[in-house]
Amino acid sequence: MAMPYTNELIQKLKTCPPIDLVEVINCLFPELTRKESEVLYWWAYGSSTNEIAKIIDVTNDTIKTYLKRCKVKLNQDSISDIRLIFHSRYNSLSLAINLQLSLPSRHYKL
C-alpha cells in the first residue's frame with residue numbers, strides 16, 4: 001500500500017524537519033496519536049508488548065490497548081496486518097527519499 005502523498009510528505013519533512021523518528025512515523029500515520037505511533041514502531045520491528053511497556057514505561061495492558069486502537073484506526077481485521085501496513089508506508093517513504101537523493105532530478109521526478 002504505497003502512499004499517494006509521498007512527495008508532499010517528503011516536502012513537509014524537508015521544510016519542517018522532524019524532531020525524532022516517532023514524529024516521522026506520526027507523519028506516516030496521521031490517523032494515530034503520537035503514543036500509538038511509537039507503540040506501532042516498536043511492535044512492527046518485533047518488540048513484544050512486555051518489551052514495549054518497559055521501553056515507554058506503561059503497563060502491558062496499555063500497550064495492548066494502543067495496538068487495538070491502531071487496528072481500529074487503520075481499519076484492519078488483524079493485528080498482524082498493521083505491521084505490514086507500517087512496513088509498506090515506511091519503506092515507500094524510504095525508497096522515495098533514496099531515489100530523490102541518488103538520482104539527478106532531470107532524469108527522474110517523483
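Hi everyone. Of the 110 residues in the protein chain, 35% are buried, where buried means under 20% relative accessible area with a 1.4 Å probe, counting protein chains only. Before going on: this is a predicted model, with local features needing pLDDT of at least 70 and side-chain atom pairs counted only at pLDDT 80 or more, while totals for chains, interfaces and linings use all residues. Residues are numbered from 1 along each chain as its sequence is written, and side-chain values use heavy atoms, leaving out hydrogens and water.

Now the layout. We have 6 helices and 0 strands; helices are DSSP runs of H or I with at least four residues, strands are runs of E with at least two, and both are numbered from the N terminus.

Let's go inside. The largest nonpolar core holds 22 residues; such a core is a set of buried Ala, Val, Leu, Ile, Met, Phe, Trp, Tyr and Cys residues joined through side-chain atoms within 4.5 Å. Among those with the most contacts inside it are F29, L40 and F86. At least two core residues come from each of α2 (21-28), α3 (34-44), α4 (49-56), α5 (60-73) and α6 (79-102), and α3 gives the largest share, 5 residues.

Take L40: beyond its neighbours within four places in sequence, L40 is in contact (heavy atoms within 4.5 Å) with F29, L32, C70, L74, I82 and F86.

One last stop: S47, in the loop between α3 and α4. Is S47 buried or exposed? S47 counts as buried because its relative accessibility is 13%. Setting aside neighbours within four places in sequence, S47 is in contact with W42 and I52. Thanks, everyone!

Conventions: Buried means under 20% relative accessible area, exposed over 50%, partly exposed in between (1.4 Å probe, protein chains only).
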